[in-house]
Amino acid sequence: MSDQPILTLDHVTKRFGPITVVDDVTVNVHRGRIQVLLGENGAGKSTLINMAAGVHEPSSGQIIVDGHPTRIPDTKASEALGIATIHQELQLVSSLSVAENILMGRLPQRFGLVDKREMYRLATEALTTVGLHVDPHMPAGALGIARQQLVEIAKALSLKARLLILDEPTASLTKHEIEHLFGLISQLRSEGVGMVFISHHLDEIASIGDSVTVIRDGKFVAEVPATTPEPELVRLMVGRSIDEQFPRRATPPQEPLLSVQGLTRKGTFTDVSFEVRAGEVLGIAGLVGAGRTEVVRAIAGADPYDTGTVTVQGKPLPKGRIGAAIAAGVGLVPEDRKAVGLVLGASVEDNLGYATLMSSARYGLVDRRGQAKRANLVAKRLAIRMRGLGQRVGALSGGNQQKVVLGRWISAGSKVLILDEPTRGVDVGAKVEIYQLMNEITAAGGAVVMVSSELPEVLGMSDRILVMSDGRVAGVLAAADADQHTVMSLAVKEVEPDRV
Ligand SMILES: Nc1ncnc2c1ncn2[C@@H]1O[C@H](COP(=O)(O)OP(=O)(O)O)[C@@H](O)[C@H]1O
Ligand SMILES: [Mg+2]
């Protein structure tokens, strides 16, 4: 009996209208085992587990709990079966207290009223199990993401779940918080809880999982042990080998294009110096909060800085002037393309023309005909998938939006392209196209500075890697000599102010 799965998603399919998002996938979850679901963004992982969480019912196939075919029409039914789900988007109600969130739907009663004392006692007990020491009276929305996640886990545990589903729980956690979470997961595992752990971070899988189910484009690809080597997992996940996934074609580096000397903004980054040559891709790695985005924004004139110099092709750039940076050939593709990179309501054509517009706006004229012609060329070159140049950018997929932002700089003739997390939220096909664009830019004598939190991407696409830690340059590595460990150990290093 002991090898009977707690839960089987048995040949389940989920369609939304004409679109099949999960296609005939089977997953088994056992007591005291961690089943990893691995797949690229959009592979269908969340949709798959949502069928066990009572969010969706399968279009075909069945759900088997303890050997019995079972319907899970809603979240209450899922909880009643001992399944607790921590969704990718956190579900806490910000305005309610931590205690109310933990005990939602099962608040303790006394004489027909909520027994507040008992509620806070139970909540405190639940919070203790996850090692979170916060006041259960405070509104959940006042906690940071990591703590909200721990509250969700406390809630799941207080449900005495026998099966815990965690949908990308590490996405917004720091290294330390991830270690804490993993400790908790191991403990639950040893207590016999079965788990589904969704991730696309390969390094996490071997350390946490038992078995890995790989899905791609909604379809089951393979089930393999968690000890499977990373390159093999990558190949299964994306259907391409590493070389095909990161198609960097190195160009011999030439003259320096961008030189940054002693760049400092008090309290944000300190004494940052580096050089990027024509033909080169410089990757900038580091933990969230290391100051990477702030530095590249300062270089591109988007934000001010206190001291230091930025020089492009030998000419110093004035501080904090985007227009001047653009005119000097520096283009920034920001981290949050929706907030600052793109005008979602405007057409592809207008978005592509925007950079040229910014640098030539002082003449007070817009060359409409020239803009349309350039936009057409760039859209073709970048293979932007759209109905036409007049389509709203907001209606394009993430990958195609990103190509529009890149295309804008290419059409403006930028020499130095600064890309901040260029492939976040972009599917694998479009990712490779973005990498190919980086190759084209460097082959044409341009330079690329790429900030990225995806280590495989940094390692796979950079020629040199600059690692930042706590606002300083912790080290610069030739990509050929770097691996995940050398980069991470620099990223967590305390940089001595005097030593750099
Ligand atoms: N309610 C829905 N209606 C239509 N399409 C959906 C719906 N939910 C998800 N999808 C689509 O299904 C695909 C898989 O999504 P998801 O399960 O969230 O993937 P993952 O969690 O692996 O990133 C995506 O292309 C997404 O746009
Ligand atoms: Mg998901």
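Trainee: What makes the shell around ligand 1 divide into three nonpolar, five polar and two charged residues?

Mentor: In this predicted model, the shell consists of Phe 16, Val 21, Glu 40, Asn 41, Gly 42, Ala 43, Gly 44, Lys 45, Ser 46 and Thr 47. Phe, Val and Ala count as nonpolar, Glu and Lys as charged, and the others, Gly among them, as polar. The division is therefore three nonpolar, five polar and two charged.

Trainee: Which element supplies the largest share of that shell?

Mentor: Helix H1 does, with three residues.

Trainee: How much of ligand 1 does the protein bury?

Mentor: Of the 560 Å² that ligand 1 exposes when taken alone, 58% is buried by the protein.

Trainee: What makes the lining of the largest cavity nonpolar by class?

Mentor: The lining is made up of Leu 7, Leu 9, Val 27, Val 29, Leu 37, Leu 48, Ile 49, Ala 52, Ile 165 and Val 196. Leu, Val, Ile and Ala count as nonpolar, so the tally is 10 nonpolar, no polar and no charged residues. Strand S1 (7–16), strand S2 (19–29) and helix H1 (45–50) each give at least two of the lining residues. The volume of this cavity is about 50 Å³.

Note on methods:
Residues are numbered from 1 along each chain as its sequence is written. Chains are lettered from A and ligands numbered from 1 in the order in which they are written. This is a predicted model: local features need pLDDT of at least 70, side-chain atom pairs count only at pLDDT 80 or more; totals for chains, interfaces and linings use all residues. Side-chain values use heavy atoms; hydrogens and water are left out. On a 1 Å grid over the protein atoms alone, a cavity is a set of points where a 1.4 Å probe fits but cannot get out, and a pocket is an open set with protein on both sides within 12 Å along at least five of seven lines; lining residues have an atom within 4 Å of a point. Grid points are joined across faces, edges and corners, and a volume is the space filled by probe spheres set on the points. Helices (H or I, at least four residues) and strands (E, at least two) are DSSP runs, numbered from the N terminus. A residue is near a molecule or strand if one of its heavy atoms lies within 4 Å of it. Accessible areas come from the Shrake-Rupley method with a 1.4 Å probe; for residues, only the protein chains shown count as cover.
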